[in-house]
Amino acid sequence: MASRSEGTPLVLLEAMMSGRPAIVPRVGGTAELVEDGVTGFLATAATVEAIDEALERAWQRRSEMAQFGERAASAIRQKVPPDPAATLAEKLLAECPRTPLT
């Protein structure tokens with residue numbers, strides 16, 4: 001993923017949940033999710049040179065990709081609840097006053 005500007009990309013969450021290591025630039029929330037050299041690879045910037053360098057580091061460790069994927073899947077499951085929609089709904093309902101309907 002070579003975005004120049006991003007929040008927390010859904011495709012990154014999905015890839016990690018699927019046990020895939022990611023190669024992403026350090027933009028938006030990517031650095032909060034990907035641990036460089038552990039669950040994937042972070043490019044220092046969204047430039048051709050920085051992404052090339054991250055790709056090269058990944059290529060040098062290609063024999064470890066299955067382990068990267070396993071660690072990525074484990075790490076993201078610690079950060080994202082199994083059912084994010086239900087978790088959000090529970091938090092919203094907890095904040096709403098409970099008044100009877102008339």
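This is a predicted model: local features need pLDDT of at least 70, side-chain atom pairs count only at pLDDT 80 or more; totals for chains, interfaces and linings use all residues.
The protein chain has five helices and two strands, and if you walk along the sequence you get α-β-α-β-α-α-α. Now, the radius of gyration is 18 Å, well over the 13 Å that the globule rule gives for 102 residues, so the chain is more spread out than a compact globule. You can see that in the box the C-alpha atoms fill, roughly 65 × 25 × 15 Å along the principal axes. As for burial, 28% of the 102 residues are buried. The chain exposes about 6900 Å², with carbon and sulfur atoms supplying 57% of that.

On to charges. We've got 11 positive and 14 negative side chains, and the centres of the two sets sit 3 Å apart.

Let's start with Asp36 and Arg57, which pair up at 3.1 Å, N to O. That one links distant parts of the chain: Asp36 is in the loop between helix H2 and strand E2, while Arg57 is in helix H3, 21 residues apart. Arg57 also bridges to Glu53, with the closest N and O atoms 2.8 Å apart. Those two are four residues apart in helix H3, so about one helical turn separates them. Put together, Asp36, Glu53 and Arg57 form a linked network of salt bridges.

The remaining bridge joins Glu64 and Arg61, at 2.8 Å, N to O. Glu64 is partly exposed at 27%, and Arg61 is partly exposed at 28%.

Key. Residues are numbered from 1 along each chain as its sequence is written. Side-chain values use heavy atoms; hydrogens and water are left out. The radius of gyration is taken over C-alpha atoms; the globule rule is 2.2 Å times the number of residues to the power 0.38. Buried means under 20% relative accessible area, exposed over 50%, partly exposed in between (1.4 Å probe, protein chains only). Accessible areas come from the Shrake-Rupley method with a 1.4 Å probe; for residues, only the protein chains shown count as cover. Lys and Arg count as positive and Asp and Glu as negative; His and the chain ends are not counted. The place of a charge is taken as NZ of Lys, CZ of Arg, CG of Asp or CD of Glu. A salt bridge is a side-chain nitrogen of Lys or Arg within 4 Å of a carboxyl oxygen of Asp or Glu.
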